[in-house]
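Thanks for coming, everyone. Let me put the model on the screen, and then I'll walk you through the two chains and where they meet.

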Amino acid sequence: MQKFLIIVLGLFFGSITNAQSLNVVKGKVLNADTSNPETGVKVRVQKTDISGNTSDDGTFSLQNVPNGEQIIALEKEGFESQYFPVTINNNTVDLGEILFYVDLSQELDNSVITLSEDDLSDDEAGGADNVAGILQSSKDTYQRAVAFNFGQVWFKERGYDSSYGQVSFNGMPMNKLSNNRPQWSDWGGLNDVLRNQEFSNGLAASESTFGNVLGTTNFITRASLNREGGKVSYSATNSNYDGRVMASYNTGLMDNGWALSVLGSRRYAQEGYMEGSSYNAWGGFIAIEKVLNDKHSFNFTAFYTPNRRGKNSPNTQEVYDLGGVKYNAYWGWQGDRKRNSRMKEIKEPTFMLGHYWNINDKTTLNTNIMYQTGTIGNSRFGYTANNPDPTYYQKLPSYFLQHEGAEDYESAYIRTNYFLNDAPESQVMWDDLYEANALNPDATYYLYEDVNDDTTLAVNSIFNTQIDENITINGSVLYKKTSSDNYARMMDLLGADYFTDLDRYATGDEAQMDLNNPNRQVVEGDRFNYNYTIDASQLDLFAQAQFTYDKVDLYLAANYGATAYQRDGLYKNGSYADDSFGKGEKQQFPTYGVKGGITYKISGRHLLNVNAGYMAKAPSLRNTYSNSRVNQDIVHNITSEKIISVDASYRYRAPGIKARLTGYYTTFSDLNEVSFFYAQGINIAGFDLPDEVTGDSFFLNSSLTGISKKNLGAEFGAEVQVTPTVSLTGVASLGQYTYDNNPDLYIGSDQFSATYLGTAYLKNYKQSGTPQQGYSLGFSYRDPKYWWVSANANLLSHNYISISPILRTDNFYTDSFGNPVPFNDLSQEEVDNYLSQEKFDDIFLVNLVGGKSWKIKDKYIGFFASVNNLLGEQFKTGGFEQSRKANFEELSTDQNLDQPLFGNKYWYGRATSYYINFYVRF
Amino acid sequence: MSVLLVALTLTSCVEDTDYATPQINCEEPTLTGQEVSMETILNQWIAENDTDGDNIVEYNETENPIEFDSDYDNYIVGYVVSDDKTGNFYKELYLQNDPVNPTKSIKLAVDFRSLYTKYDLGRKVYVYLHDLALNKNRGEMVLGEMINNQVDDMRENRAKENILRNCDAVAVTPVTIASPSEVDDTYLGMLVEFDNMQFDLSLIDITNPENSSTFVDPYDNYDSHRMITSCDDNSQIRLETSTFASFKDDTLPQGQGSVKGVLARDYGDNFYVLRVSSPDDFSFTGDRCDPVLLDCNNPNPIGGSNVVFDEDFESYANYTTALPGWTNTNVNGGNNLFQVRSYSGAHYMQCSAYNSGEAPLEVWLVTPAINLDSSTDEELTFETKTGYNNGAALSVFVSTDFTGDVSTAEWMMVDAEIANGPSSGYQSSFTSSGSVDISCLDGDVYVAFKYLGGDGGVTTTFQVDNVKVTGN
């Protein structure tokens, strides 16, 4: 590339320049992105004391460089270091203009964004989510390891859910109200125009927002900040997509005051890493900025990233053993095409207009208006006959072997062979479904979509003023309004004529999904089953003061606001005729917080930093309504979530070495978790219910309320520059994330409203969804010839399964006659044995990353490649207990089988995967 | 570069939508071996078990299965007459040998549900017999798989291999049976139809039809039985509905008309039942044929100190059937009549079809003439009690033109409370009829207690006591 050329030129000049000047090396450093002079770059002659910094115009000049072969090193934090071998012989070497690049390893974020978009959680209990994307722009050794090395096993920094991290665009918070998490797919595939990022770690001060405990990533999309030029890249991978094409162009700020950035991208896979998982995504981005004058500028940003992909199923160990770790129960052959029944589609175009006002040298006011509208759909089967899931428990070998002495070995053998031979029966049998529908005009099987159409309008203003050289004041106001339309949409009747909108598990009026339109015949495209809107609004005021002194930096921040939700039912559900239709009561949650932090600079090398904060956050929509599809019910005693968090760090910085050690302690309280499942063994004897409600098996909506969690631990990260070309990193994370109390569990069904089932004895159970310990050792070699390679080895451990709360209530210890368990010869220990929390095996991962680039004419060409999990380890990233067998009798009977029918379900991580990226910059 | 981009974009096409609806091209199954008739294999089973050589397998003879070897390559042909879409049929498929004029039927027992998605109503199927076994089970001839030495549900894989579908589903014409009294084993397992039927009045609320009984009694755990009565001859058959049927909570159709369903036996093999696929199998659109109810609508209080008639049966000996002045008659000419019985010293009249050998059993017990000319505001009261109740069998009428032949008199039913006790044992006490207003009648009045049941059908024991008319 260009640097290579410069060396050649350097050598050339070095050899021919007349030796009139005395042993000087000079040059000018420009920022490769902006073409502006780069100041403060440290320039030194290796193995000597000769050094200097670039001045305001980017120039440098080193005098008295000894004769001979020397290496000139140019270094600046956040940029790629550059090394120029020169030969000095009583002359002056002019290295000319040197373009200084932001750290090349930025290409790494491609793999991180990919992980963040995976969003495996969906609606399954205990699914993982990923925080790696939030940390990607951090420069901290520890956090880079977490993002790039640990991300593939769903490692969560400090065990925090991604809903405790905030993602903003130009200071506008983007987390969704439904689950408070950032919806990464809304900006997936826009990597090259999202390079301008600000990251605030944990409680640390952010200029635009109060933030949250995990931290804040702010993408800045002002077109004027992007260097003139373009980039085209192609990536090949075997992850959830096969290939990516991306092209972008920026004009930079032009003489007429306009600046434009555009990007288009495409990511695709007919079949991704998991069987039957397709990937189909487009990305489009445009930012137009008009700088009116020194004081005023307007920036318009719009992006749209329609994305449709086939999901993959969590499976029991029995299924993985039969079908392999890439087995996916969601697809089947339709003709000669693989068709996935569970597609996720996200189409949420976003538009933002920002006004940047430099009121004076010291004061700015940035006002944004954001509009986002679109749809998220998750498809699945509906059926009135047998479950089409090929891994439905009645279709697995274990089902035929469950009765000791009466095993049906023949059927088990046939079922086993279906999987071993990849027979069509081991997948969804689409043709059978069409055949069944051909016999009945009223659909027996159909494919429908759970649709969530959100429209958000938000306005915020961010104020920033520097009172004097020591004090800065920030403040912001945010108002956000979301209208969330939720319904089931008939996607494909699979050859049937219509579907009658009835609950086939209920009878009479109770079976009607909408009493206002009974027995309605639904055709493709129609809404049916459930239909409601939630209006949500959020107001937030934020103020912050930052103080900077020689020895001490400190900040204080506070916010205050409120979030309100109101459901409007559009269907009058037959089972909830009284409280399903019309507007429900408005739910209002106060939100507020205070935080502060202090950094004490013992010396330039030693720093101490302490942060503390208390905050109240609104619960997400998902955890506010106990069964929002059918009624207005609110989770019992719902209130704002409370978080208390403290952390303390020691930092060491010295030439060639930097290290950080942090301890943290966070408690979450008043959390709620809403879930839905079918359970057998529910003792309703103590419930106040009409006589006709009998039995012990129900489809339940369950809300766990008043949960407290405690996350504490220590983080260590160090980077040592062993030689100019070799650096080593070491990272360790020791966490302990537990439930900290025994919350209350309420259950409801279409036969009874939410009823207190009892205390769930969860205290000291481990939180799930992340390894709680992680260790990483990395080696990096950066060749003066402008290629680099790094390798790291990682050990991740203490990852636990997501537990089922209903198994930890008194209901579990009660038999179907209401008698307590244990009894007779069964000891408490033997009973409790069934409730021990599964701990996953430790994971050992080795990753390789490298890259190189060249200059050809005026273009730069490069590539970046990574191999993750080089050793091909098969490992579980997460899983959950099934709640179906809800009491001891039921659970122990199932668990005592050689192969339980309702064992834990798991997700497996990827074995060896690669990512190669080629790019051309011009 | 742009060429490269275009090329990449073109190759990046992902086909993840627009799946063509598969052509459901039915291919006729390739048949090997020979067809054997249902009759052949049913006779084979009879031959196996008929020890006394009368071509009938009586209950005291063996019921051994006949098994078909795994290399037996012949098949039977049948037409599906049961539809499990509503869940009223469960893991079973009734087949008959002809869609219009069936002579034989066999039930297939299979170990999976939602058979309607493959073997829909009227579907012609070929059932290969290899690896299957045939036996009588709970009164019905069942073809299944031999598991643990008995004919059990054939497993899904076995069923898929052995039951082949023809491409055609034909219309099945139900076999019309004149009335439940005509039912016998020749119709068992076939789609049959009865005309001029209605649900028993005790199940129907005439004035508020929505308050009528539902297909399934909420207190039943497995199947519910609801009595359907013929308007032609008053004979009855039970409708059997599963507690898992989707229409279990629907109210019974209140009118009169035709009903079609599969004729089957109840779980205990005690009586015939009719099993429908859905409420659509009823076409009860006509008016009911209930007897006329006496409705005097007297605004004054009725009853008084003037005892016009009072019979407590205490003066008669046990087993007496001929009571002076009373008429006690079996309309079909049988021997069973109301009899005097006693319990704890108290005497009453009793009738039961249990072990009567008569089906139907219809017995009328009529009072002597009760003259109402010298009284006003008359009230009729009586008491009833049931034993081993398996259905309503007693109804009470009045007439003013009775001359000794119950068939020629004009009878009006009275609106009285009739005992309805448990299915096992006797009620502990009698049920009062409540006050029955007969004040609008004059001259000689006759009160009739009609017992209608049948051996093998409704056999409830009914007891009647303290028949009394008072007035002013």
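Chain A first. It holds 10 helices and 46 strands. Helices here are DSSP runs of H or I with at least four residues, strands are runs of E with at least two, and both are numbered from the N terminus. The radius of gyration of chain A is 30 Å, close to the 29 Å that the globule rule gives for 922 residues, so chain A is as compact as a globular protein of that length. That radius is taken over C-alpha atoms, and the rule is 2.2 Å times the number of residues to the power 0.38.

A word on what you are looking at. This is a predicted model, where local features need pLDDT of at least 70 and side-chain atom pairs count only at pLDDT 80 or more, while totals for chains, interfaces and linings use all residues. Residues are numbered from 1 along each chain as its sequence is written, and chains are lettered from A and ligands numbered from 1 in the order in which they are written.

Back to chain A. Its C-alpha trace spans about 105 × 60 × 60 Å along the principal axes. Of its 922 residues, 48% count as buried. Buried means 20 or more other C-beta atoms within 10 Å of the residue's own; exposed means 12 or fewer; partly exposed is in between; and C-beta atoms are placed from the backbone. Look at helix α4 of chain A, residues 141–148. How many of its residues are buried? The count is 8 of 8. Among them are A:Tyr142, A:Arg144 and A:Phe148.

Now chain B. Here we have 3 helices and 29 strands. A compact globule of 472 residues would have a radius of gyration near 23 Å, but chain B has 29 Å. Its C-alpha atoms fill a box of roughly 115 × 70 × 40 Å along the principal axes. In chain B, 40% of the 472 residues count as buried.

Contact means C-beta atoms, placed from the backbone, within 7 Å.

Next, the cores. A nonpolar core is a set of buried Ala, Val, Leu, Ile, Met, Phe, Trp, Tyr and Cys residues joined through C-beta atoms within 7 Å. The largest one has 102 residues, and B:Val127, B:Leu263, B:Ala448 and B:Tyr451 have the most contacts inside it. Strand β28 of chain B, residues 444–453, gives the most to this core, with 7 residues. Apart from it lies another core of 37 residues, including A:Val428 and A:Tyr487.

Last, where the chains meet. Chain B puts 26 residues in contact with 38 residues of chain A. Which element of chain B supplies the largest share of its side? Helix α1 of chain B, residues 2–11, with 3 residues. That side of chain B divides into 10 nonpolar, 8 polar and 8 charged residues. For that count, Ala, Val, Leu, Ile, Met, Phe, Trp, Tyr, Cys and Pro are nonpolar, Asp, Glu, Lys and Arg are charged, and the others, Gly among them, are polar.

That's the tour. Thank you.

Definitions and conventions. Two residues are in contact if their C-beta atoms, placed from the backbone, lie within 7 Å.
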